[in-house]
Structures are given as C-alpha cells and as structure tokens.
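Here are my notes on the model. Please read them with the structure open.

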Amino acid sequence: MAGRRSGSALVALVVLLVALAGCGGRSAADSATADVQRLLDRRAAAVVDRDARAYERTGGGTQFADLRAVPVAAWSYRVTEVRRAGDTATADAELSYRVAGYDETPVTTRRTLRLSRDTDGRWSVVTDRPAKKSAQQLWDQGTVHLVRGRHSLVLGVGRSAQSLRDFADLADRAVPAVSDAWGGNWSRRVVLVVPKSLEGMAGLLGSPASSYRGIAAVTTGETGPRTRAPADRIIVNPDAFALLGDLGEQVVVTHETTHVATRARTTAATPLWLSEGYADWVGYRATGRTPVEAAPELSRAVAEDRVPTTLPDDEDFGFTGDASRLARSYESGWTACRMISDRWGEARLGAFYRAVGEHRERAGAVEEAMRTVLGTTPDAFTRDWRAYLRDQLA
C-alpha cells in the first residue's frame, strides 16, 4: 500500500511539474502576443482619434503624417503570430479599415511589424510594412493628400491639389451618368486613388508594373456579395492617364465607376465580356461616339474580313502585353452590350446583366439569362452580333 501511495504521489508530482512548465511556456508566448495586441489596439485608436501624440507613443513605422489625411471610420489590427528574439519581435497582423462615408465593408490587408522592447518591458513598433505578397497601401508610398468632390473622394501621393481636383470633377460627372444608366441601389460615391507613377499603381495592386503598362485605371474589390458591395477603389495609372484626351479621361472614370456600381450584382457567373462591355457601354453612352470611332481595332478586323467567331473568353482580357488583342476584347464586349441596348432596350440590358449575376456559377448563367430576358440563345445571339459588327463597323 505504501508503495502504491508513493507511486501515485510521484506520478502526481510529475504531472503537476509538466503542467506548470507547459503553462509557463504558453504564458510567456501568450503574454507577448497579448502585449503586442494591446499596443496595436492603442495604435489603431490613435489613428481613428487622429491623435498624433498617442500614435507616436506606440513607436515608428508609418509616419502618422503620411496617413493623417485618410478619413477613417474604423481601423483595427488582429495579431495572428508573434515571433520573439529576446527584446525584438516580428508580428504578423491583419489590418482592417473603413473610409468614413464611403466604405460599407472594410479593406483588409496583411501587415508585418517589427517591434522592440525597452528596459521597462514595453513594446513599440519599429516598422509597419505590407506583408510578403501583400499590396501596399497609399500611405506606404508617402504623404497622402485628399480632395473631396460632391460624389467622390480622391486620395493622392505626389500629386498637386489641382490634379486631384481634376480627378474629383471627372468622378463627380461619372456618378450621375452611371446612376442614370444603371439605377439600382448603390452608394453613388466613389474613391479614387492616384499614386505618383505606374510603379506606385503596381505597388497598390501587388503586381509587377509591366502588368499595367498602358492601362489607365483599374477597380479593385471582390465580386459580391449581393447584399453589400465591398470597399472598391479606382486606382489610377497616372502615366497612361496623362496620354488621354478629355473625352478619354471621362470615359475611363465612368467605366471604372460603373464597376463600383455593379459590383454587388457581379458574381463568378458574370463573364468579363459582359462586365467590361457593360462598363464601356455606360462610359460611351452619352459621348456621341460612333461604333467605328469607339472600336477602332475591331473595325480594322471587320474591314479585313476577320470578324470574330465568338465573344471573347475571360482569358482574352488578361494584361499580356498584346494591346491590339486586349482592345478587340473590350470592343467586342462593348458592341455586344450596345447591340442588346439597340435591339432590346437599355432596361433589358440592365436586367440581363442582373439576371446573369443571380447565378452562383458560370455554367448556364448566360444561356438562361438570354432565354428568359432576351428570348434568344447563345448561338443565335452570336450570329446576330457578328452581323451587327458587319453592319456597324463596315
């Protein structure tokens, strides 16, 4: 009996020591993570409160002056991992923020922060940068300046106030034009981001600059959900934008604004020929441009008896460096939407777009929408579209 009691006591003691050792190990790791989370909570509160001193007390990294102009309604970090090395640490965190008056849902991005601990055990931020393979935010590129329009917010780095005002004027004309064509329940507000250069644009998109050379602007944001559109940004390539005339500038901004308006009704079922073609249709809708003027590459193909046999696939819209092929893809989508507007009416074009987006997946979406909304089939539609090209572009 004595031996059994002794054995039980020994086992209990070993278990207790292991448990205490384990708790001690977890406590140290958890303590660092909790301390860093509290630090970043204070940093986030300082951003929302626009409190430069409170922000600076959390350490360095992004200078508060660089992001001060951004009117944030919410800003938060969620620490996902902390790797300590003595009095230094590297933290991975997810940053979420909303621009006041514009974002219904937050922008979310991954950040990597380097930290140091002082002799009193307090952590502070040394650097706050985009995580590997994550896109930059505009304030990572310098001090952000802001111009407000009636329906727009323009954020820029390395741009003059007049340049940003010009973009706001373009957006303020685009929003009513898009609302007139699309209608629907959308915010009727847009955010434009204007970096200093093509390289700055590429940094904001997390892609090589070569991917966007010659592309004047793109709209970010995931498709859907249907009930609440995500935070969209129209990101400008100032190098390409500078080559456009007044009409081209307005068409581009109206096109991108259309993507913002239609985002909640654009899903995985929506082919790019429809989403890009519809955005071009809205962009050109009130310009008075003829089909030959608006679709020069496709007009050239028709003149050379190279009428496309099918509508473009999604892959045809890739930024591959073949500018002529890309232009024909956009022009094909635009002429298809223009044909629907001419033959079935503008309201039916909008209904067709929405009907396609109601589907969860691509298979059958266009076919059913053509049948129920337009009373036609894909084969018949393609034959009519090819005839339309010969008629309009000859």
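Which residue follows H13, and is its phi positive or negative? Gly375 follows H13, and the phi of Gly375 is positive, near 65°.

1. Basis. This is a predicted model, in which local features need pLDDT of at least 70, side-chain atom pairs count only at pLDDT 80 or more, and totals for chains, interfaces and linings use all residues. Residues are numbered from 1 along each chain as its sequence is written, and side-chain values use heavy atoms, with hydrogens and water left out. Helices (H or I, at least four residues) and strands (E, at least two) are DSSP runs, numbered from the N terminus.

2. Helix H13. This helix spans residues 365-374. Ala365, Val366, Ala369, Met370, Val373 and Leu374 are buried there. Buried means under 20% relative accessible area, with exposed over 50% and partly exposed in between (1.4 Å probe, protein chains only). These residues lie on the same side of H13, because they cover an arc of only 125° around the axis. The arc is that of the directions from the helix axis to the C-beta atoms.

3. Neighbours of H13. Its buried residues pack against four helices: H8 (272-284), H11 (323-344), H12 (346-357) and H14 (378-393). Contact means heavy atoms within 4.5 Å.

4. H10 and H11. The axes of H10 (residues 296-303) and H11 come within 7 Å and cross at roughly 90°. Axes are lines fitted to C-alpha atoms, for helices over the stretch in contact, and angles run from 0 to 180 degrees between N-to-C directions. H10 and H11 are therefore roughly perpendicular (65 to 115 degrees) to each other. H10 contributes Pro296, Glu297, Leu298 and Ala301 to the contact; H11 contributes Ser324, Ala327, Arg328, Glu331, Ser332 and Thr335. By class, the contact residues are four nonpolar, three polar and three charged. Here Ala, Val, Leu, Ile, Met, Phe, Trp, Tyr, Cys and Pro count as nonpolar, Asp, Glu, Lys and Arg as charged, and the others, Gly among them, as polar.

5. The sheet. Four strands form an open sheet in the order S1-S2-S3-S4, with antiparallel pairing. S1 (72-85) and S4 are at the edges with a single partner strand each, so one side of each has no neighbour in the sheet. The twist averages 30° from one strand to the next. Two strands pair if DSSP finds at least two bridges between them.

6. Strand pairs. S1 and S2 (residues 88-99) pair over twelve bridges. Val79 stands opposite Ala93 in S2. S3 (residues 107-117) and S4 (residues 123-130) pair over seven bridges. Arg111 has Pro130 in S4 as its bridge partner. Five residues separate S3 and S4 in their hairpin, and Gly121 in the turn has a positive phi of about 85°.

Key
Angles under 35 degrees count as roughly parallel, over 145 as roughly antiparallel, 65 to 115 as roughly perpendicular and the rest as oblique.
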